[in-house]
Amino acid sequence: MSEIAAAGVRPAARSRLGGAEASRGAPDVRRLLQLALAGIWLLDALLQYQSFMFSKAFSQMIGGTASGNPGVVASPITWNATLVEHHAVLVNSIFATIQLILAIGIAWRPTVRLALAASIAWALGVWWFGEGLGMVLTSSASPVNGAPGAVVIYALLAVLLWPTDRSVSAPFTAARAVGAPVARALWLVLWLSLAYFALLPGNRGPQALNGMIAGMESGEPGWLAAIDRNAAALVAHQGLAASIVLAVALVIIAVGVYLPAPAAKGTLVLALVVAAVIWAFGEAFGTILTGGGTDPNSGLLLALLALTYWPVRTAVTAPARTAPAPAGANEGTTAS
Amino acid sequence: MTPSWILDIFAALMLVVAAVSAGRLVAAQPWRQRAALADIDVAHLLMAIAMAGMLAPSLQTLPNGAWEVIFGVLTAWFAYRVVRDAQVSGVRALAGGHCAPHLIHAAAMLYMFLALTAPAAHGSGMSGMGGAAGTMGTLSLPFLAFIFALALIGYSIWDLDQLSGPGASGHYSLAVARVAPAGAVLAGVGAGAGPGAAAVSEPAGSAVVTEPVTASQAQPVGAGGPASGTGRGILAPWVATSSRIAMGVTMAFMLLILI
């Protein structure tokens, strides 16, 4: 608990915080999640310094995301790819350094708000110029291959983990900044969209999922390639059934946050499992082990997002409008 | 290939860390105190020199085999200290104790030297990495490199958080060290006790065990110089923590670009 916030704790609230534990300063869940986000940004930044990112292959990868997108979306992507191609070292160094600064800024308490705000802007820019809006406007978007784009989840997390409190009591961490109704709506939209993508014609063909998973083998270590091969074989000619099962799971996850806490926890566990399966089998850990991964992809981010919705007993000392908490600090809250 | 000037920047950063660590050792004068050990700063110094040599061929000092022995010993030493911490503070010290990050650092260094494969391994050290040979080595068992990188990133981010404010967990504090009798405080205590740590050492002559203390337990000491180990100037805890952050990030960077 921050000292500033602690000073404003009413006796009743202090009691709710749990006596000695509260006064000692229990770990703040939101701050821990912010640090996890900072860690992923740092991972992104360091991955951006890899050899692959300074080669033409990186600009070709960016340019490839223009394919299938409407012209108004594709043109800026093509411009960006050309820029990266012509000034690979300079532009990529800037990209990596920006992400490094974002990571440090989020981890450094006095700058957490500034860094989170900047990360939203940066993430949205990368989502468009670097990921082609996660291909959501094309027919090839799939939750298994990273739709709706990993980087947009960074932005969503930055919003949900914004260090302010709108209500005295929030049922889960993500509700603290935007309120429970808005947080639940955002969750619903995200996971329903994933369910929709899972059922797109291009993803429910007999060999669609098989091809997607098998395509991740290239360049992976032997053991991971073998896992991918076996997973691909498991869904061979089962594309429709697998898509339906996946879509049903995603819908259950989507509505889970509206259920009572015990049931919500069950659906969040399901979300964590689905995210892990997507990350391991569909995304091969963001292809980081090939030396060509720009980020850990969406699976890890979906898992982190699920944790922000985990039901917690959160007690805020005072409404944010009357007693704003210091940036990035614990805001006089604790969660269990 | 990652441009050599980026590698040079990281190498320069490591030289700064090496210089700071050496400065801390000199300022603390651990050789004048019977029980004093400066394992943290010695480890920082060695790791920084080794990494600078890996990043920039012109900065290479010892052959790979010597570094493997050195980091093997350091890994064993910090493993011993982590176990000791766990016996004193409970199993949580295995990951969250003040020696755990140093164990990860030492083990990651050992792994890098052991796992580096051709073409860089054919030359002296990791000279290919700097771009002189036009090719880079790669690490065998890349998943292990990824795991090490994640751990290093995690500790670095945690250190940054703790350095910039009071510990969310209340486990660490930026207060200066409470001094134990007879100059038992170590040169590396600040770093060893975690980010911006307050630390308490056992009396002189005993085995070296430093434990993080909470803010309420810490008793800031207003006076004292290197001899008393109160952590002012270059001996301030934040200096060691900053060094550890720089090394952790650089090490994670090296692991990831060598995958």
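Predicted model: local features only at pLDDT ≥ 70, side-chain atom pairs only at ≥ 80, totals over all residues.
View 1. Chain A has 336 residues, of which 57% are buried. Its secondary structure amounts to 17 helices and two strands. When contacts in chain A between residues at least 6 apart in sequence are taken, 74% link residues at least 24 apart.

**View 2. The interface of chain A and chain B.** Here 33 residues of chain A contact 30 residues of chain B. The two chains bury about 2,700 Å² between them, and carbon and sulfur atoms account for 76% of that area. Six residue pairs, both members at pLDDT 80 or more, are in polar contact between chain A and chain B. On the side of chain A that touches chain B, the elements giving two or more residues are α4 (29–48) and α7 (88–107) of chain A. The most comes from α4(A), with nine residues. Sorted by class, this side of chain A holds 23 nonpolar, seven polar and three charged residues.

**View 3. A salt bridge between A:R31 and B:D161.** Two salt bridges are found across the interface of chain A and chain B. One of them pairs the side chains of A:R31 and B:D161, with an N to O distance of 2.7 Å.

**View 4. The loop between α8 and α9 of chain A, with A:L133 and A:P148.** The loop runs between α8 (112–129) and α9 (150–160) and includes A:P148. A:A147 and A:P148 are joined by a cis peptide bond, with omega about 5°. A:L133 lies in this loop too. Phi of A:L133 is positive, about 55°, although the residue is not a glycine. Most residues other than glycine have a negative phi, and most peptide bonds are trans. With a relative accessible area of 13%, A:L133 falls under the 20% cut-off and is therefore buried.

**View 5. A:N297 in the loop between α16 and α17 of chain A.** This loop joins the stretch from α16 (261–282) to α17 (298–308). A:N297 is a residue other than glycine with a positive phi, near 70°. The relative accessible area of A:N297 is 18%, so the residue is buried, the cut-off being under 20%.

Conventions:
Residues numbered from 1 in each chain as written. Chains lettered and ligands numbered in written order. Heavy atoms only, no water. Contact = heavy atoms within 4.5 Å. Buried area = accessible area lost by both parts, 1.4 Å probe. Salt bridge = Lys/Arg side-chain N within 4 Å of Asp/Glu carboxyl O. Polar contact = N/O pair within 3.5 Å; in protein donor to acceptor, adjacent residues only side chain to side chain. Helix = DSSP H or I, 4+ residues; strand = E, 2+ residues; numbered from the N terminus. Nonpolar A, V, L, I, M, F, W, Y, C, P; charged D, E, K, R; others polar. Buried < 20%, exposed > 50% of the residue type's maximum accessible area, 1.4 Å probe, protein only.
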